[in-house]
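Here's a quick tour of a protein model for anyone just starting out with structures.

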Amino acid sequence: MNNISSTVFVVDDDPDVLKGLARLLRSAGLEVATFSSPSEFLEQHDLRAAGCLVLDLAMPGLNGLELQEALTAKGSAIPIIFLTGRGDIPMSVQAMKGGALDFLTKPVNDEDLLKTVAGALEKDRFQRQNSAELDEIHERLETLTPREREVLTHVVSGQLNKQIANDLGTVEKTIKVHRARVMEKMKVNSVAELVRLTERLGKIG
Amino acid sequence: MLRRPIKMNLAVALGKVFACALITTLYLLSAQAVSADELPKRVLIITSDDHFVAENMLLARVVSSTVRKGLPEGLQVFYEALDTFRIPTDKYEEELVRLLQRKYSGERIDLIYAFNRSALKFLLNHRGELFSNTPVVFIAYEMKRVSDLSLGANVTGVGGRVELSPTLDIALALQPQTKRVVVVAGKTPADTAFVEQARQEFSPYAGKVEFSYLTGLPIEELRTNLASLPDQSIVFYLWVSAGSAPQTSTNPELISLLAPSSSAPIYGTSQSYLGSGMIGGRLVDFEALGTRAGEMGLRILAGERPENIPPQTIPSATMFDWRELRRWGIDEARLPAGSIVSFKEFSVWELYKWRIIAAISIIVLQALGIVWLLFTRAKRRQAEEAKDKLAAIVETSDDAILSETLEGIIISWNAGAEKIYGYSANEIVGQHVSILAPPELKTEVEGIVERLSRGGSVDHLETQRLSKEGVRIDVSLTISPIRNERGLIMGASTIARDITIRKKAEVEELQHRTELAHLSRVTMLGELSGSLAHELNQPLTAILSNAQAAQRFLAHDDVDLDEVRDILGDIVKQDKRAGEVIHRLRLLLKKSKVEHQLLDLNDVVSEVLKLVRNDLLNQRVTGQMELAPDLPAVVGDRVQLEQVVLNLVMNGCDAIATGPAGDRKLIIRTGLNNGDGICVSVTDQGVGLLPDNLEKVFDPFFSTKPNGMGLGLSVCRTIITAHGGKLWAANNADRGATFYFTIPAQPELRS
């Protein structure tokens with residue numbers, strides 16, 4: 001919970017609620033940034049900034065759900081905790097489908113809020129870490145030549161060098177060289193490791 | 001039986017004695033009053049002819065009345081008609097003198113009047129033997145005729161003047177076409193003298209008119225002559241002495257015989273002929289002769305000497321007989337100025353003009369009086385009937401009608417009053433009106449009595465009174481001052497209507513309306529619960545967050561007290577905010593009494609929008625307020641008016657909920673409505689209303705919504721109507737509908 005680089009972004013059009021929530025989060029040692037409207041947040045938010053979003057569902061102009069949509073469209077995966085005055089089921093469902101981490105009812109208890117925020121931050125951290133590794137794999141993948149990439153695809157599908165050479169219309173020896181180079185560029189020691197990396201990337205292409 | 005006559009005789013005797021004594025006393029008294037000097041004057045009138053001659057009679061009357069007027073001691077008149085004219089013998093005259101001597105010897109005669117020349121001549125002739133020292137006043141027809149007599153001492157008199165040419169001038173002026181003048185006269189020497197005078201005076205007219213003289217003709221012949229005169233003739237009658245025409249005695253008699261058949265008007269010389277058929281002329285004025293002679297006699301009787309009073313000639317006067325003027329067609333207006341017209345036959349109008357006017361006036365006044373009396377009687381009867389009717393109305397009225405003095409003492413009490421208040425007239429008349437007032441309203445009664453005494457009145461004052469049994473009655477009082485005919489306030493009349501039933505109905509209606517409004521409000525708030533929960537959740541969220549933050553801060557080693565203080569301040573603030581929301585809710589939810597107060601409708605609208613803010617957000621509706629600044633205040637119940645605005649706003653939301661998100665706009669406007677009220681409108685951009693439903697939406701239990709009770713708008717309309725305003729709906733020109741309501745402004749009051 002003591003993640004210094006993460007920020008809790010709080011958006012509520014009610015300044016008093018905003019202030020109270022911010023205070024509570026700060027009392028738990030969290031970094032807090034407040035915004036009085038979704039549009040204000042959208043304008044100022046840096047997608048790279050780590051943290052989570054505490055969002056009031058009912059606001060004039062852009063509402064919580066719309067902000068969620070807008071963020072998704074921008075490629076942000078920031079975890080969102082929705083606060084609502086009432087347990088409005090259709091809205092909650094929609095929010096959850098949109099990837100909302102949690103759905104809290106006002107007035108919200110500190111433990112609930114802090115626990116949820118902690119979870120969100122954890123998720124964010126995980127997401128961020130995960131995405132950093134993938135980026136690394138991608139970067140390594142980028143260094144491969146097209147021929148090496150073809151070889152990679154065949155290797156992870158479990159083919160032998162001979163079969164690959166046959167498929168690619170070359171000799172086994174050449175394939176061996178390519179394979180060694182792929183293993184080196186992808187910074188792996190075993191085919192099993194290579195397979196796990198490509199699985200994380202999903203489909204290569 | 002025997003005693004009675006004796007008694008009577010005694011009474012008679014006593015009466016006689018008393019009467020004698022009285023007469024004697026009266027006689028002595030009267031004898032004492034008349035002294036020797038004041039014995040009645042004795043005047044002797046002597047005429048030469050008989051005393052029935054018209055001139056003599058006229059003179060005797062005028063002279064004696066003139067003299068009598070001047071003599072307080074009285075007058076005795078003796079009359080001697082000598083008749084020497086008809087019996088002119090010396091023998092007779094001798095005997096006559098002797099007779100008179102004998103008759104008047106020892107008789108005192110103070111004055112003698114001699115009426116005409118012959119009588120004067122007789123007196124003068126016998127002056128030595130008869131009435132030698134008695135003063136004589138003569139009266140002559142023509143002064144010239146006595147000028148030959150030597151009058152001597154103690155004699156004076158008056159004489160007329162026969163003027164012939166002036167009469168002719170007048171006659172020719174009145175009848176200018178006259179060609180012929182017929183002069184009638186007698187033939188005695190006296191008559192001839194007049195004829196001579198005529199010839200002399202008429203000579204200048206010879207060229208103009210033709211003169212003919214009929215002298216000494218017998219009466220019949222004269223009459224025949226005059227009856228056959230040619231046209232354009234006039235008759236000039238001079239004098240016919242008695243001897244000339246034996247058939248007649250006097251001139252007037254003669255003229256009266258001639259005139260009726262005369263074919264020309266007869267002019268004459270003497271006043272004495274007037275009335276017998278003569279038209280008139282310049283006439284010897286016997287009236288004036290007699291009056292002057294009378295005055296002369298008085299001077300002499302008073303001691304003046306006759307010789308010191310010179311004889312006087314009396315001028316003639318122009319006189320006419322009105323009847324003759326008429327007969328000959330001569331207009332009275334053409335007569336010379338100063339003419340005297342006698343025998344005028346006045347018309348009834350001329351104679352009795354003033355009497356007729358007076359009579360007519362009296363009749364008219366009487367008629368008016370009768371009309372007035374009838375009118376006042378009718379009016380009085382009408383007034384009485386009206387009064388009876390009024391009395392009947394008062395007596396049969398269901399309302400209590402009573403009257404009271406300025407002090408408030410009841411003086412009349414009708415059956416209606418008895419029915420309402422329970423007191424009979426006998427019980428209450430004489431009591432003070434405050435007996436009817438409940439204890440806390442005694443001052444109201446005093447105020448009313450005071451106000452009435454200043455001429456004020458009370459119009460439909462709704463208050464309470466007590467019946468005899470002590471039951472409170474709601475009454476409507478109309479009290480007016482009663483003034484007397486001079487406009488002074490004498491008391492007051494009160495009409496009291498029992499409005500207990502109406503009041504009860506009003507209260508029930510109000511209660512019913514309030515309940516309905518409440519029901520509708522509660523229903524509406526149910527729909528709003530999410531929004532309301534949000535309103536309450538906001539401050540609660542802030543409070544909880546702050547409080548828990550504070551707890552955490554306090555758990556730290558280095559407590560930031562400033563932060564904690566700040567937090568506590570915010571908690572207080574948010575708690576209050578929550579309290580306000582609850583208060584507002586409670587106001588709307590509670591079944592409160594209707595409470596009219598000054599309100600700014602802009603506040604009402606803003607308050608409602610605050611309440612529904614969250615609901616609008618959830619429905620993606622933008623509520624846009626366009627509020628007119630400086631609105632005049634209205635008087636109304638805040639909760640109910642908020643309810644109306646809330647209802648309209650929520651209906652508007654529902655109407656646009658199905659539309660595209662971007663169009664979900666609700667415009668709430670306030671503004672002045674034609675200057676006499678304030679209009680609030682809620683405009684949506686929904687699908688609008690079917691024309692048939694524009695009015696139906698206000699019917700109870702009419703709803704276009706699946707879950708609607710259909711009470712909201714009907715309750716709203718009841719509320720607005722109760723506020724004196726109107727609520728209606730209209731479709732917009734483009735799309736959607738607008739609901740409007742108006743409330744009368746209270747311009748003099750600003751909220």
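Six bridges tie S24(B) to strand S25 (residues 737-744) of chain B, and the two run antiparallel. For instance, Asn731(B) has Ala737(B) as its bridge partner in S25(B). Strands (E, at least two residues) and helices (H or I, at least four) are DSSP runs numbered from the N terminus, and two strands pair if DSSP finds at least two bridges between them.

Keep in mind that this is a predicted model, where local features need pLDDT of at least 70, side-chain atom pairs count only at pLDDT 80 or more, and totals for chains, interfaces and linings use all residues. Residues are numbered from 1 along each chain as its sequence is written, while chains are lettered from A and ligands numbered from 1 in the order in which they are written.

**The five-strand sheet**

- S24(B) and S25(B) belong to an open sheet of five strands, ordered S20-S22-S23-S25-S24 (chain B), with mixed pairing.
- Strand S20 (622-627) and strand S24 (726-731) of chain B sit at the edges with a single partner strand each, so one side of each has no neighbour in the sheet.
- From one strand to the next, the twist averages 15 degrees. Angles like this run from 0 to 180 degrees between N-to-C directions, using axes that are lines fitted to C-alpha atoms (for helices, over the stretch in contact).
- Helix H18 (residues 601-618) of chain B lies across S20, strand S22 (665-673), strand S23 (677-683) and S25 of chain B, at about 170 degrees to S20(B).
- Helix H19 (residues 638-656) of chain B lies across S20, S22, S23 and S25 of chain B too, and runs at about 145 degrees to S22(B).

**The six-strand sheet**

- Another open sheet has six strands in the order S2-S1-S3-S4-S5-S11 (chain B), and its pairing is parallel.
- Which strands stand at the edges? They are strand S2 (75-81) and S11 of chain B, each with a single partner strand, so one side of each is left without a neighbour in the sheet.
- The twist here averages 20 degrees from one strand to the next.
- Strand S1 (residues 41-47) of chain B is joined by five bridges to strand S3 (residues 111-115) of chain B, running parallel. Leu44(B) has Ile112(B) as its bridge partner in S3(B).
- Helix H9 (residues 286-301) of chain B packs on this sheet and touches S1, S3, S4, S5 and S11 of chain B. The direction of H9(B) makes about 165 degrees with that of S5(B). Being in contact means that two residues have C-beta atoms, placed from the backbone, within 7 Å of each other.

**A closer look at S5(B)**

- Strand S5 (residues 155-160) of chain B has six of its six residues buried, so the rest of the structure largely encloses it. A residue is buried if 20 or more other C-beta atoms lie within 10 Å of its own, exposed if 12 or fewer, and partly exposed in between, with C-beta atoms placed from the backbone.
- Val155(B), Gly157(B) and Gly159(B) point one way, Thr156(B), Val158(B) and Gly160(B) the other, and all are buried.
- Strand S4 (residues 136-140) of chain B pairs with S5(B) in the parallel sense over five bridges, and Phe138(B) has Gly157(B) as its bridge partner.
- S5(B) is also joined by three bridges to strand S11 (residues 312-314) of chain B, again parallel; Val158(B) stands opposite Gln312(B) there.

- Helix H3 (residues 90-104) of chain B is hardly covered: among its 15 residues, the count of buried ones is zero.
- Gly106(B), which follows H3(B), has a positive phi near 80 degrees.

- Chain B has 21 helices and 25 strands, and 33% of its 751 residues count as buried.
- The mean pLDDT (the predictor's confidence in each residue, from 0 to 100) of chain B is 84, and 91% of its residues reach 70 or more.
- The model scores ipTM 0.76 and pTM 0.44.
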